[in-house]
Amino acid sequence: MKSIINGKTYDTQTAKQICSLPCTHGSGDFSHHRTDLYRTTKGTFFLAGHGGPRSMWATAEGQNGWSSGSGIKLLTNDEARDNMESAGCEAQDFENCGLTLEEG
């Protein structure tokens with residue numbers, strides 16, 4: 001998947017896939033999605049995926065409807081960290097991405 005956002009290209013073929021986000025909904029559920037976290041060679045994090053009409057990838061259809069959709073969404077480092085935590089990434093994964101961890 002490839003997208004141009006603010007004059008910059010984001011491509012799942014050239015970025016490094018970090019992890020897949022968990023989805024507890026079955027494939028027939030309108031909330032089901034398949035979403036992966038990526039990091040570009042310049043260090044920008046983004047999500048790429050697709051999902052049903054009640055997922056984060058839903059697109060507006062008419063005045064009151066929603067349909068399945070797909071796309072790329074840019075993330076801040078903090079948002080990337082939150083997604084990695086929810087995906088159960090290991091400490092080494094964070095360090096490999098340049099996201100430092102502190103002892104609590």
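The sulfur of Cys23 is 14 Å from the closest cysteine sulfur, which belongs to Cys19, and that is too far for a bond. For the term itself: a disulfide is a pair of cysteine sulfur atoms within 2.5 Å. Cys97 is in no disulfide either, with the nearest cysteine sulfur, that of Cys89, 7.5 Å away. Searching the whole structure gives zero disulfides.

Before going on, a note on the source. This is a predicted model, in which local features need pLDDT of at least 70, side-chain atom pairs count only at pLDDT 80 or more, and totals for chains, interfaces and linings use all residues. Residues are numbered from 1 along each chain as its sequence is written, and side-chain values use heavy atoms, with hydrogens and water left out.

Are these cysteines buried or exposed? Buried means under 20% relative accessible area, exposed means over 50%, and partly exposed is in between, using a 1.4 Å probe and protein chains only. Cys23 has 26% relative accessibility, so Cys23 counts as partly exposed. Cys97 has 4%, so Cys97 counts as buried. Across the 104 residues of the protein, 36% count as buried.

Now the overall layout. The protein has two helices and eight strands; these are DSSP runs numbered from the N terminus, H or I of at least four residues for helices and E of at least two for strands. From the N terminus the order is β-β-β-β-β-β-β-β-α-α. The C-alpha trace spans about 45 × 35 × 20 Å along its principal axes.

One residue is worth a stop. Where is Thr12 found? Thr12 lies in the loop between strand 2 (8-11) and strand 3 (16-20). At 14% relative accessibility, Thr12 counts as buried. The Thr12 side chain reaches the backbone nitrogen of Met1 at 2.7 Å. Leaving aside residues up to four places away in sequence, Thr12 touches Met1, Tyr38, Phe46 and Ala48, where contact means heavy atoms within 4.5 Å. Over the whole protein, among contacts with a separation of 6 or more, 34% come from residues 24 or more positions apart.

Definitions and conventions: A polar contact is a pair of N or O atoms within 3.5 Å; within protein, one must be able to donate a hydrogen and the other to accept it, and residues adjacent in sequence count only if both atoms are side-chain atoms.
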